[in-house]
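Trainee: I would like to learn how to read a structure like this one. Could you walk me through it, feature by feature?

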Amino acid sequence: MSTPTPTLTHLATLSPPSSSRTWQTAPHPSQPIVATACSDRSVRVYSLTSFTLLHSITGGHKRSVRSCSWKPHTSGQSVLATGSFDSSAGIWRKEDSDTLAHEVREVGDEEDEDKEEYQFSCILDGHESEIKCLTWSPSGQYLATCSRDKSVWIWEELEDDNFETVAVLQEHDGDVKSVAWHPEEDLLVSTSYDDTVRFYREDQDDWVQVAMVEGHGMTVWWAEFEGSGAGKYDFRRQRDGLEERQTQHIDALEQSGPRLATCSDDCTVRIWRRKPREGAQHQNSGMPSIIRSAAIDEDWYQEAVLPKAHDRAIYSVSWSRTTGLLVSAGSDGKVVVYKEQWRRQDSNGASNGTAMEGVEGADGAAADTNEPSPTEWVVVAEIFSAHDVFEINHVTWAKRADKGKRWDGEEMIVTTGDDGEVRVWTLDEAILKA
Amino acid sequence: MDLDKDNANPTILNPSDLPSRRHESNAGKRDDGGSGLFDDLIPPYNYLSDPFDDPLSASDSDDDVVETIDEQEIYDLISTIADPEHPLSLGSLAVVNLPDIHILPPVSPQSSISTVVVEITPTITHCSLATVIGLGVRVRLEQALPPRFRIDVRIKKGTHSTDEAVNKQLGDKERVAAALENGTLMGVLRKMLSTCE
């Protein structure tokens, strides 16, 4: 309590910033670049090596660009999807060129010039109002979009620029604020103005809702899954000298698979976990089993509420793929980093109650409420006024790529604000490597 | 007759009864150099006194920064907004009222963000324009106040049949942002705010 919480170190502000609100920044899956969705109807692509603007993608959208997502596993080209308040999504392509070709390009014929820019490729129409978020599935097979029209659409790219709508999911009672894919399975999650989080899967050629969780009680702004194989790098990696109940906890977590983090207007970040399947006595989510196979239903329940560190809406949360650290940011301008650790025994039993709260909202799942979770989340770093007095709309982890990189695979935090700025932050080595 | 209006016969307050600094009607408000007149001098849609624009006030303590804008000034900014269906101001219709305006200081000494809470009272409990009025108040304050203020506009409890739904909309920054990109709605808002000089 007495020792001050470590802070984040401001490494750079991507330059030049936008003159109006920026909404979200997506790191490229393999290159040291990011794309930023801007309210001036453009997308700005910045270098994480030089922290400068490389491209400005304009002329595609008639309203704010709210969201953008890089298609994973593309070869020879970069593919960016953009979602806008104009209710359409755009697909943009650019041939990948190495830096040498970039420097050689001087006079260049027209064709080469074109290759240097992001080309508008196609438009995905269908939503009736603003698109709030879009994201590619980890395999790149699907693109999910969501909108104020309360629907979630899943698109499949059959061949270049030929997109087919494979599902229109209309389960929510309010704006759908965000969509997120499970890192290993074709499992989609959406969060909403109706305060719920819903899970979808394909069942006999139809995408259906397989789980729904409540608990936030206010708009759920963002969701992100834990990385694949997190047990190899987070608090679980050190297995020597553990008590038996701790080993059991790790094994149970492995069975659950990657967890989900959500954040909300209610100023909390929550962790949700799938109840491992136990043979036949699996609960379904209320639909009669004549209509669909109950076996596809899943049980997700609230595992933890993170320590309260924000006093206004939390707009974004991101789960590191290399350290398991979580970071959150929102309206209060704070950026907070959390770490999961084994619960300290000496904390006289009643410690923080991270696992105690809100389990009743877990969609009928009877979570083990009596015993506190063997782990706890603690704040390991935070900074106030990360964008001066402005709100922060998005936060994400990204691989560090500038000359100052301290080790291979070092991660940094990227924040996107109402001031039009994208800021880059580093953490103490002790926190990242702990 | 005004049959198409939600409330054809609203109660109208006498302009001289509206709260202003000159009447000393609100106890405890100090006279800080005639800032009631100051309002007439500043252009609309400019930051009133952004501490980051002024090196002198930026060096002051947090407390002084917070005091540079008080409830009366907030009231003056929004009471002149025109009602969308009557040729009257929100102040004279008692839709906005000085006692329903609160400025909350930063929650932490490390934060410089203050919160302005405005509770509006629709003229009748089913007023369909409550959302537009609330949006007008929020937009007016977002444009006039420095960005260190967070603005929470709410319907006063018990004065509207769907107050919670309206509050949720008014508090949703993404919806507000999208609304401001809607030409028709912006036209209505511009008209409401055109009386704020």
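**Reading the model together**

Mentor: Let us start with one residue and its surroundings. Leaving aside residues up to four places away in sequence, A:Trp153 touches A:Asp125, A:Gly126, A:His127, A:Leu143, A:Ala144, A:Thr145, A:Thr165, A:Ala167 and A:Val168. Contact here means heavy atoms within 4.5 Å. Before going on, note that this is a predicted model, in which local features need pLDDT of at least 70, side-chain atom pairs count only at pLDDT 80 or more, and totals for chains, interfaces and linings use all residues. Residues are numbered from 1 along each chain as its sequence is written, chains are lettered from A and ligands numbered from 1 in the order in which they are written, and side-chain values use heavy atoms, with hydrogens and water left out.

Trainee: In which strand does A:Trp153 lie, and is A:Trp153 buried or exposed?

Mentor: Strands (E, at least two residues) and helices (H or I, at least four) are DSSP runs, numbered from the N terminus. A:Trp153 belongs to strand 12 (residues 152–159) of chain A. For burial, the cut-offs are under 20% relative accessible area for buried, over 50% for exposed and partly exposed in between, with a 1.4 Å probe and protein chains only. A:Trp153 counts as buried because its relative accessible area is 14%.

Trainee: With which side chain does A:Trp153 make a polar contact?

Mentor: A polar contact is a pair of N or O atoms within 3.5 Å; within protein, one must be able to donate a hydrogen and the other to accept it, and residues adjacent in sequence count only if both atoms are side-chain atoms. The partner is the side chain of A:Ser151, at 3.0 Å.

Trainee: What does A:His55 touch?

Mentor: Its place is in strand 5 (residues 53–57) of chain A. Not counting residues up to four places away in sequence, A:His55 touches A:Val43, A:Arg44, A:Val45, A:Lys94, A:Glu116, A:Glu117 and A:Tyr118. The side chain of A:His55 also reaches the backbone oxygen of A:Glu116, at 3.5 Å. With 10% relative accessibility, A:His55 is buried.

Trainee: How many helices and strands do the chains have?

Mentor: Chain A has four helices and 29 strands, while chain B has eight helices and three strands. Along its sequence, chain B reads α-α-α-α-β-β-α-β-α-α-α. Buried residues are 59% of the 434 in chain A and 50% of the 197 in chain B.

Trainee: Which residues of chain A does B:Ile113 touch?

Mentor: B:Ile113 touches A:Asp332 and A:Val389, and within chain B its contacts include B:Pro105 and B:Arg148, not counting residues up to four places away in sequence. B:Ile113 is in the loop between strand 1 (101–104) and strand 2 (114–120) of chain B. It is buried, at 7% relative accessible area.

Trainee: How do I read a pocket?

Mentor: Rolling a probe the size of a water molecule over the atoms shows where empty space is left. On a 1 Å grid over the protein atoms alone, a pocket is an open set of points where a 1.4 Å probe fits, with protein on both sides within 12 Å along at least five of seven lines; lining residues have an atom within 4 Å of a point. Grid points are joined across faces, edges and corners, and a volume is the space filled by probe spheres set on the points. The second largest pocket holds about 1200 Å³. Its lining has 43 residues, with A:Pro27, A:Pro29, A:Glu224, A:Arg321 and A:Thr396 nearest the centre. Strand 27 of chain A gives the most to this lining, five residues.
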